[in-house]
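Please look at the sequence and the 3D structure below before reading on. The briefing that follows takes up one topic at a time, and each point can be checked against the picture.

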2 protein chains.
Amino acid sequence: MRIGELAKLTGIEVETLRYYERVGLVQLPARQTNGYRAYGQDAIERANFIRHCRTLDMGLGDIKRLLDFTSKPDADCFDVNHLLDEHLARVRAKLKSLRTLEKQLARLRTQCDTGHRAADCGILQDLVAAAHGEACACHPSDGNASLSNRKAHE
Amino acid sequence: MRIGELAKLTGIEVETLRYYERVGLVQLPARQTNGYRAYGQDAIERANFIRHCRTLDMGLGDIKRLLDFTSKPDADCFDVNHLLDEHLARVRAKLKSLRTLEKQLARLRTQCDTGHRAADCGILQDLVAAAHGEACACHPSDGNASLSNRKAHE
DNA sequence: TTTAAACCCTATAGCGACTTCATGGTCAAG
DNA sequence: CTTGACCATGAAGTCGCTATAGGGTTTAAA
């Protein structure tokens, strides 16, 4: 099987498959005489495993660790639980901050329904007011809120 | 005012301010004879505007567009609404997929409570089963679900 | 007065997970 | 025999920073 077919079967793009190979997620496949990559059936399974974990938004490092586990049946799977717990915690934190954000944006959005000139735009006024430290529709009383949840994986 | 003071006043790190300058979000400040950046009061306001928009998770491109609006009082602010609507839509889409994800992960997490050997780990079994296309705890009946909500600005 | 800490500068590389680009080789159909 | 689909490599671009290297300047204490 060549790389295009594997891509079609798994829904992972060709360039992404090559990228996964480069970073060591996918083992080096055999090569045909012309240099084309030649995959076996096992590559489909491994690629699907990766894809499924990616739909669960796991990082490539985590996926690599899980793949290692699948080939070591006698290892202690405590780390699998732990990895999943951490991931779940990250997802929940992100979810929380996103819910707050949604409320803020929705409230901000209600500020401009009348004027059409930028000078009269309630949204812009609100954002400028925020720059002055005044209360605004999106951060009413406030103090702080989120920010800083940017580097947390993703 | 030097860059360090501006950083302290706005809560934006020095390196980040220089980065904003490099990408054109902050205008080039005057320079002292020793080459140090010299900011005026207006820089504080502009920087706070940026910071506030960033807490709302807006992209730098969007913020740039908003900043342009604040200096063009006669422009039609339709685009401001539009920009905010799009951003809100992105946030809501992300929120939706994250909620689904949370459920999937939580369910998956229940799969491993008994065994300690990787070979017996319900989580790994589940993930491998998914690679085979079978139903799994995280994607019960399935068909597909999300994926592809990765590039949407964040 | 010396010296050390704290500040400032530029340029460059790194992160994660890709995507895109440039450039060229291989192969099957018409 | 050429067109177009496929394959290859390597390098650069994306986003929003963050960090590092390797310097110069200012300030305050010893």
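How do the residues of the surface near DNA strand D divide into nonpolar, polar and charged? In this predicted model, that surface has five nonpolar, six polar and seven charged residues.

**The surfaces near the DNA strands**

- DNA strand D is surrounded by 18 residues, and the closest of them are R2(A), G4(A) and R37(A) from one chain together with G59(B) and L60(B) from the other.
- The elements that give two or more residues to the surface near DNA strand D are α1 (3-10) and α2 of chain A, along with α2 and α4 of chain B.
- Around DNA strand C there are 20 residues, of which G59(A), L60(A), R2(B), G4(B) and R37(B) come nearest.
- Two or more residues of the surface near DNA strand C come from each of α2 (14-22) and α4 (60-70) of chain A, and from each of α1 (3-10) and α2 (14-22) of chain B.
- Sorted by class, the surface near DNA strand C holds nine charged residues, six polar residues and five nonpolar residues.

**How the two chains are related**

**The contact between chain A and chain B**

- Chain B gives 54 residues to the contact, and chain A gives 55 residues.
- On the side of chain B that touches chain A, at least two residues are supplied by each of α3 (41-55), α4 (60-70), α5 (78-109) and α6.
- The element that gives the most to this side of chain B is α5(B), with 19 residues.
- By class, the side of chain B that touches chain A is made up of 32 nonpolar, 11 polar and 11 charged residues.
- Of the interface residues of chain B, 98% are also interface residues in chain A, so the copies meet through the same surface.

**A helix pair that joins the two chains**

- Helix α3 (residues 41-55) of chain A and helix α6 (residues 122-131) of chain B have axes that come within 7 Å and cross at roughly 115°.
- Are these two helices roughly parallel or roughly perpendicular to each other? With that crossing angle, α3(A) and α6(B) are therefore roughly perpendicular.
- The crossing in which α3(A) passes α6(B) is right-handed.
- In α3(A), the residues E45(A), N48(A), F49(A), H52(A) and C53(A) meet L127(B), V128(B), A130(B) and A131(B) in α6(B).
- The residues of this contact between α3(A) and α6(B) comprise six nonpolar, two polar and one charged.

**A helix pair within chain A**

- The axes of α4(A) and helix α5 (residues 78-109) of chain A come within 11 Å, crossing at roughly 160°.
- The helices α4(A) and α5(A) are therefore roughly antiparallel to each other, and their crossing is left-handed.
- From α4(A), the contact is made by D62(A), R65(A), L66(A) and F69(A), while V80(A), L83(A) and H87(A) take part from α5(A).
- Divided by class, the residues in the contact of α4(A) with α5(A) are four nonpolar, one polar and two charged.

Note on methods:
Residues are numbered from 1 along each chain as its sequence is written. Chains are lettered from A and ligands numbered from 1 in the order in which they are written. This is a predicted model: local features need pLDDT of at least 70, side-chain atom pairs count only at pLDDT 80 or more; totals for chains, interfaces and linings use all residues. A residue is near a molecule or strand if its C-beta atom, placed from the backbone, lies within 6 Å of it. Helices (H or I, at least four residues) and strands (E, at least two) are DSSP runs, numbered from the N terminus. Ala, Val, Leu, Ile, Met, Phe, Trp, Tyr, Cys and Pro count as nonpolar, Asp, Glu, Lys and Arg as charged, and the others, Gly among them, as polar. Axes are lines fitted to C-alpha atoms, for helices over the stretch in contact, and angles run from 0 to 180 degrees between N-to-C directions. Angles under 35 degrees count as roughly parallel, over 145 as roughly antiparallel, 65 to 115 as roughly perpendicular and the rest as oblique. A crossing is left-handed if the near helix is turned anticlockwise from the far one by less than a right angle, and right-handed if clockwise. Two residues are in contact if their C-beta atoms, placed from the backbone, lie within 7 Å.
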